[in-house]
Amino acid sequence: MTRPLRLAVVGLGAISPFYLAAARRLPGWELTAVCDARAEALERVPGPVARFRDHRALLYRARPDALVVSVPNDVHLPLCRDALAAGVPVCVEKPLALTAAEGRVLVDLARRADVPLMTAFHRRYNAAVRTLARRTAGREIVSVRVRYLERIEEHLGGEDWYLDPARCGGGCVADNGPNAMDLVRLLLGDLAVTGCAIRRDGHGVDRQAVIGLRGGAATASVELDWSYPGERKDLEVELAGGEVLRADMLAGHSGFKASLWHEYEAVLTEFAALVRGRVPAGPGAHGGLAALELVEAAYRCARPASGTIARPAAEAIARPAAQPSAAEVDR
């Protein structure tokens with residue numbers, strides 16, 4: 001019988017409970033160590049696990065078989081780099097790093113060391129998304145629309161770094177954009193950014209954005225909002241012939257963030273297979289760099305908008321032949 005893999009989790013913020021619960025539920029994992037700079041966060045973790053304030057001490061004393069990195073975006077690079085250099089496989093929360101240049105450093109290191117590196121795009125593991133992906137497989141897709149809307153203050157979990165552009169990477173485009181654009185990549189493959197409009201607040205945080213994309217002959221729009229009253233996460237696909245398929249990522253999951261429990265179980269299930277060498281690293285594993293490149297392309301082609309980004313702007317940006325005018329963006 002194969003023994004469970006020893007898992008360590010670094011970063012005990014808002015997302016860590018989903019990893020911790022999944023590791024305890026899945027027979028392929030044994031949660032053996034956690035790490036956080038905050039003593040009070042370590043004390044909240046139940047059970048007989050080793051606790052560390054420094055990730056380097058964890059790596060060399062706990063010697064885990066694999067590491068989950070769930071820390072603020074600006075420290076993904078040093079943490080992942082140290083783990084990969086120690087030969088420890090890494091599953092890192094999206095985004096892979098703060099910039100594409102940092103992402104390339106990690107991908108190159110993982111390849112040279114032959115150590116698995118996986119970016120956790122948890123929404124591609126959503127049950128409704130997986131069903132839609134199966135239904136569209138092999139069929140001609142005309143367009144894709146992803147909406148990723150929430151009020152970010154309700155999702156912080158006490159972690160204000162999300163609202164610091166230097167630590168987050170920008171705002172909704174940097175943090176939610178990778179998850180949303182990965183859903184388009186799941187359906188269309190390689191993508192190019194065709195347009196982008198962003199609305200920022202007075203602190204430079206992007207609060208709303210619409211990103212236009214093209215994948216092959218299909219177009220796509222990604223709508224992001226950190227000021228939405230409530231939460232909406234859905235996916236719409238138009239097929240050749242006019243059929244429209246939809247996936248509501250929150251449907252059937254009662255309670256705040258309830259859909260994340262099954263998504264992170266699936267993330268750790270794939271990570272275990274990757275660590276054991278049972279599956280090759282695919283788009284879900286090494287898509288982290290591609291997502292960073294798309295985020296940077298969106299920022300390059302965007303210009304700030306002073307008003308709310310409305311649906312007409314989304315439709316204009318999704319058409320690659322036309323960039324949004326000031327009237328379209330500010331309407």
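Which residues does aspartate 175 touch, not counting residues up to four places away in sequence? In this predicted model, aspartate 175 touches Asn73, Lys94, Pro95, Trp161, Tyr162, Cys168 and Trp226.

**Surroundings of aspartate 175**

Helix α8, which spans residues 172-175, contains aspartate 175. The relative accessible area of aspartate 175 is 4%, which is under 20%, so the residue counts as buried. One of the residues touched by aspartate 175 is Asn73, and the side chains of aspartate 175 and asparagine 73 are joined by a polar contact of 3.2 Å.

| Strand | Residues |
|---|---|
| β8 | residues 192-200 |
| β9 | residues 206-215 |

The pairing of β8 with β9 is antiparallel and extends over 8 bridges. Glycine 195 has glycine 212, in β9, as its bridge partner. Together the two strands form a hairpin, with 5 residues between β8 and β9. In the turn, glycine 204 adopts a positive phi of about 85 degrees.

**The protein as a whole**

The protein holds 13 helices and 12 strands. Of its 331 residues, 55% are buried, and aspartate 175 is among the buried residues. Among contacts with a separation of 6 or more, 70% are between residues 24 or more positions apart. The accessible surface of the protein amounts to about 13600 Å², and carbon and sulfur atoms contribute 51% of that surface.

Methods. Residues numbered from 1 in each chain as written. Predicted model: local features only at pLDDT ≥ 70, side-chain atom pairs only at ≥ 80, totals over all residues. Heavy atoms only, no water. Helix = DSSP H or I, 4+ residues; strand = E, 2+ residues; numbered from the N terminus. Buried < 20%, exposed > 50% of the residue type's maximum accessible area, 1.4 Å probe, protein only. Contact = heavy atoms within 4.5 Å. Areas by Shrake-Rupley, 256 points an atom, 1.4 Å probe, with all protein chains shown as cover. Polar contact = N/O pair within 3.5 Å; in protein donor to acceptor, adjacent residues only side chain to side chain. Pairing = 2+ DSSP bridges.
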